[in-house]
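Let's take a walk through a protein model together, one stop at a time. Have the structure open beside you and turn it as you read.

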Amino acid sequence: MPKEYLTSLFHYEVRYHRIIQGLLAASVVVARVAGYIPKTWHMFYYLVLICATFGFDIWFTVYANKDKFRPGLYSIKVLFYLIVLIVGGVITPIGSAVELPFIIIHVLLLFYGLFMICEMQFFNDIFDSIMSIQNFFLYGALLDVAILVPYRNYFDQVWIAILLVSMVITYLTLFLLRHLASRSVITLDKQNTNLFFENLDIREENASLMHAQERLEEVNETINYQRIQLNDALSDLKKKGEETRIIIDIVEHFTSTFELEESIRYMIKKVSELKSLNICAFLVDRDVCLNEEQIFESYTDKNYGRERMKRETIQVFEKFKKSGSREPLIICNNYDHMLPYFERRGCCITAIPAYEKDSLYGVLILAGERYDHFYGGYDFYNTVLVDFTTALIKDRLYRTTEDMAKKDGLTKIYNRIYFNDVFPGMLKNAEETGKPISMLMLDIDHFKHVNDTWGHIAGDLAIKSLARLDWNIAKKYGGMAVRFGGEEFLLILEDTTVERAKEIAEELHELIRTTPIPFENIEININTSLGVSTYPTTVQESEKLLDRADKAMYYGKTHGRGRIIVDTVDNVEP
């Protein structure tokens, strides 16, 4: 029988031993108190016996808990118990004067001995061994002696015959109990054996199930990993789809307009909305698309300072020009705090240079509040910049063609043909709004002398110089500079009174007079005659505005040259 089973069985039966030992001890004490036990030392004798068996159980339990269970050691307890009972019977024979309760207690002690002998058969485990048979007869004989020795006075001379009969009855009882125990143990062994093999089968099945479970977990992990990859792929595909759609929208907008500033605003707005940026700004350098000044557009989700953004964007652009780098610049990692304004606007700020072939023409600034804005790289932004560059080339070609049609080939300011197209609209606007419109006409004095003295190249330089000054003044005051023909030029100023027009005319006249024209090793100075007319102040009919300015100028040329004549004020003709 397995030791584990014997150990668990012993722990289970120890509980009953304690109950029996407690009841026996209580019975002995009660019997002595009631006077059924004649002497006090009888009570202590049996209490010591009971306590000794109790102590043995405690020791044996601790011994068994240390995985040192030895069923054979249990026979020591039984042997000690029976010998003590026999010695007690020899010392104190039970006579006729003894009360029945004392006899009952003695019988209970004997039955407790019989119970322990039966237990010993279980714990010895091997029932067919010679040692087990010897123990069987030994303990059976001791039990019979313990039964008869106290009562020997009752049986007088026949106690030996009674002992033999008692031994026969005891051995038959023990044999019967032993047989039942043996059959029980055999049955338990068979059951245990069956359970053992069933347990082996179950363990094999469990092992197989565990292996299958491990494989299933591996498959589940693989499936989960593939699901994550699929979700990531779907997310990336969705993201790419959104990016492609935005790029298509941007390209369609680029093809629908030739307005560069409008294209930039639309591009940065779409990019900012798709990528959830809190700043998206774009700078285009001057002279990239016939633009005399740098173009700066920004789209933000907050009211950020446009001029401060522009200044720092120009700083970034100059940094790219100096380094010649084509790689994105991570601004938020610039520990020298070159761009403090941008660094305070987001934790993830990047600048991407815009190139046309090998020429840097602009920079794109991107700022977000998440650290993962650019984890996917910059392909989307680079694609947008490539599409914008294509649109830029298209716009430049269109603007160049348009500029050639609108501007004079020599001076690069507006020509007479373009003037004739737009001037009627300017007059109509003045008539409808009631706002004044002024015209300045100027002509180079003694221009033939310049050509005759220094040649036509010098004459062309004089015309270019005057055109440049006329253009700068027009740009300064929101006007329009025109080469009307030969050495004649116009300056149209909308929403400008005659007084203000005269002030501007004086400024322009002084600039022309004091600006030398370098030619070879000399400097040439020119002067102009300038006529001013204003609708509706000096001219009540808008269509006569040009004619009156021309007549005022002509009046100045015929009355001393180098003068500014205001229509109906300075000239003699009303």
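## A guided walk through the model

Glu520 counts as exposed, because its relative accessibility is 70%. You can find Glu520 in the loop between β9 (517-519) and β10 (522-524). Its backbone also deserves a look: Glu520 has a positive phi of about 50°, although it is not a glycine. Before going on, please keep in mind that this is a predicted model.

How exposed is Arg561? With a relative accessibility of 36%, Arg561 counts as partly exposed.

One more loop is worth a visit. Between β11 (528-535) and α16 (545-558) lies Pro536. The peptide bond that joins Tyr535 and Pro536 is cis, with omega at about 0°.

Now let's turn to the strands. In general, strands of a sheet pair through backbone hydrogen bonds, and they can do so in a parallel or an antiparallel way. Here you can trace an open sheet of five strands, in the order β2-β1-β5-β4-β3, with antiparallel pairing. Which strands are at the edges? They are β2 (295-300) and β3 (329-330), each of which pairs on one side only.

Look next at β5, which has β1 and β4 beside it in the strand order. Strand β5 (residues 359-368) pairs with strand β4 (residues 348-356) in the antiparallel sense, over nine bridges. Is β5 mostly covered or mostly open? β5 is mostly covered, with nine of its ten residues buried. Where β4 turns into β5, the hairpin has two residues between the strands, and Lys357 in this hairpin takes a positive phi near 60°.

From the sheet we move on to charged side chains. Side chains of opposite charge can pair when their charged atoms come close. How many salt bridges does the structure hold? There are 20 salt bridges in the structure. One of them joins Glu243 and Lys275, whose closest N and O atoms are 2.5 Å apart. This pair links distant parts of the chain, 32 residues apart: Glu243 belongs to helix α7, and Lys275 to helix α8 (residues 260-275). Both Glu243 and Lys275 are buried.

Arg245 and Asp249 meet in a salt bridge, at 3.9 Å from N to O. Because Arg245 and Asp249 are four residues apart in helix α7, about one helical turn separates them. Arg245 counts as partly exposed at 46% relative accessibility, and Asp249 counts as partly exposed at 21%.

Lys551 and Asp547 are four residues apart in helix α16, which is about one turn of the helix. Lys551 has a relative accessibility of 39%, so it counts as partly exposed, and Asp547 is partly exposed with a relative accessible area of 35%. Salt bridges can also share partners: in this way Glu262, Arg265 and Glu297 are joined into one network.

Which residues make up the negative surface patch? Glu198, Asp201, Glu204 and Glu205 form it, and Glu205 is found in helix α7 (residues 159-256).

There is a nonpolar surface patch as well, formed by Trp41, Ile83, Val87, Val90 and Ile91, with about 430 Å² of accessible area together. Helix α3 (residues 74-91) gives the largest share of the nonpolar patch, with four residues. Val87 is found in helix α3, and Val87 counts as partly exposed because its relative accessibility is 36%.

Methods:
Residues numbered from 1 in each chain as written. Predicted model: local features only at pLDDT ≥ 70, side-chain atom pairs only at ≥ 80, totals over all residues. Heavy atoms only, no water. Patch = residues over 30% accessible without salt bridge, like charges linked within 9 Å, V, L, I, M, F, W, Y side chains within 5 Å. Areas by Shrake-Rupley, 256 points an atom, 1.4 Å probe, with all protein chains shown as cover. Salt bridge = Lys/Arg side-chain N within 4 Å of Asp/Glu carboxyl O. Lys, Arg positive; Asp, Glu negative; His and termini not counted. Charge placed at Lys NZ, Arg CZ, Asp CG, Glu CD. Pairing = 2+ DSSP bridges. Buried < 20%, exposed > 50% of the residue type's maximum accessible area, 1.4 Å probe, protein only.
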